[in-house]
Amino acid sequence: MVHWDPTKEHRYFLLGLLGVWGFADGVWQSQTNSLISAVFADRYESAFGCCRVWQGISGLIVFLLSSVLCMIHKVAFIASACSLTIACLIVLEIVVRRRKARASAETNSAVEIQVNA
C-alpha cells in the first residue's frame with residue numbers, strides 16, 4: 001500500500017479492498033466487544049467506556065501525527081501496534097481460559113465434597 005498509486009483502472013480493486021476492510025473491522029469490533037463483556041462482566045459499563053475513551057485518544061494521536069510522520073513511519077507504527085495488540089489478546093485469551101478452567105475445577109471439587117459428605 002505504501003508504493004501503490006491507485007489510478008482509474010484500479011477503482012474496482014479499491015472498492016473491493018474497502019469492502020474487505022469494512023468486513024474485517026466489523027469482525028474485529030464484534031470480537032473486541034465480546035471479549036470485553038466476557039472479561040469484565042462485573043464492570044461492563046466502565047470497561048466499554050474506557051475502551052471508547054482509548055479509541056478516541058488513539059484517533060487523536062493518529063490525527064496529530066499524520067502531518068508530522070512520513071507514510072512509511074505511519075505504516076510501521078500501525079503494524080507494530082497491531083502486532084502488540086494481537087500478542088496482548090493472545091495472552092488475555094490464555095488468562096481467561098485458565099481462570100475458567102480453575103473456576104470449573106473448584107466448582108467440581110465443591111460438588112464432590114458435598115456429594116461425599
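Entry 1. I looked up the second largest pocket and found its lining to be Trp-28, Gln-31, Thr-32, Ser-34, Leu-35, Ala-38, Leu-89, Glu-93, Val-96, Arg-97 and Lys-100. A pocket is an open set of points on a 1 Å grid where a 1.4 Å probe fits, with protein on both sides within 12 Å along at least five of seven lines; lining residues have an atom within 4 Å of a point. The model is predicted, with local features needing pLDDT of at least 70 and side-chain atom pairs pLDDT 80 or more, while totals for chains, interfaces and linings use all residues. Residues are numbered from 1 along each chain as its sequence is written, and side-chain values use heavy atoms, without hydrogens and water.

Entry 2. I noted the volume of the second largest pocket as about 210 Å³ (the space filled by probe spheres set on the grid points). Two or more lining residues come from each of H1 and H3, and H1 contributes the most, with six residues. I then sorted this lining by class and got five nonpolar, three polar and three charged residues (Asp, Glu, Lys and Arg are charged; Ala, Val, Leu, Ile, Met, Phe, Trp, Tyr, Cys and Pro nonpolar; the others polar).

Entry 3. I went on to the largest pocket, whose volume is about 1,900 Å³. Of its 45 lining residues, I listed those closest to the centre: Trp-28, Ser-58, Ala-81, Cys-82 and Thr-85. Helix H1 (11-39), H2 and helix H3 (71-116) each give two or more residues to this lining. H3 gives the most to the lining of the largest pocket, with 13 residues. By class I recorded 34 nonpolar, eight polar and three charged residues in the lining of the largest pocket. Trp-28 is on my list for the largest pocket and is also in the lining of the second largest pocket.

Entry 4. I checked the fold and found three helices and zero strands (DSSP runs, H or I of at least four residues for helices, E of at least two for strands). Along the sequence the pattern reads α-α-α.

Entry 5. I compared the length of H1 with expectation: its 29 residues should span 42 Å at 1.5 Å a residue (1.5 Å times one less than the number of residues). The end C-alpha atoms of H1 are 41 Å apart, which agrees.

Entry 6. I looked for burial and found that buried residues make up 6% of the 117 residues in the protein (relative accessible area under 20% is buried, over 50% exposed, in between partly exposed; 1.4 Å probe, protein chains only). In H1, the buried residues include Leu-35, Ile-36 and Val-39. I placed His-10 in the segment before H1; His-10 is partly exposed, with a relative accessible area of 30%.

Entry 7. I searched for aromatic pairs and found one. The rings are those of Tyr-44 and Phe-48, with centres 4.8 Å apart and planes at 70 degrees, so I logged the pair as edge-to-face (centres within 6.5 Å; planes over 60 degrees apart edge-to-face, under 30 stacked, the rest tilted). Both residues lie in helix H2 (residues 44-65), four residues apart, about one turn of the helix. Tyr-44 is partly exposed, with a relative accessible area of 39%, whereas Phe-48 is buried, with a relative accessible area of 14%.

Note on methods:
Rings of Phe, Tyr and Trp (its six-membered ring) pair if their centres lie within 6.5 Å; planes under 30 degrees apart count as stacked, over 60 as edge-to-face and the rest as tilted.
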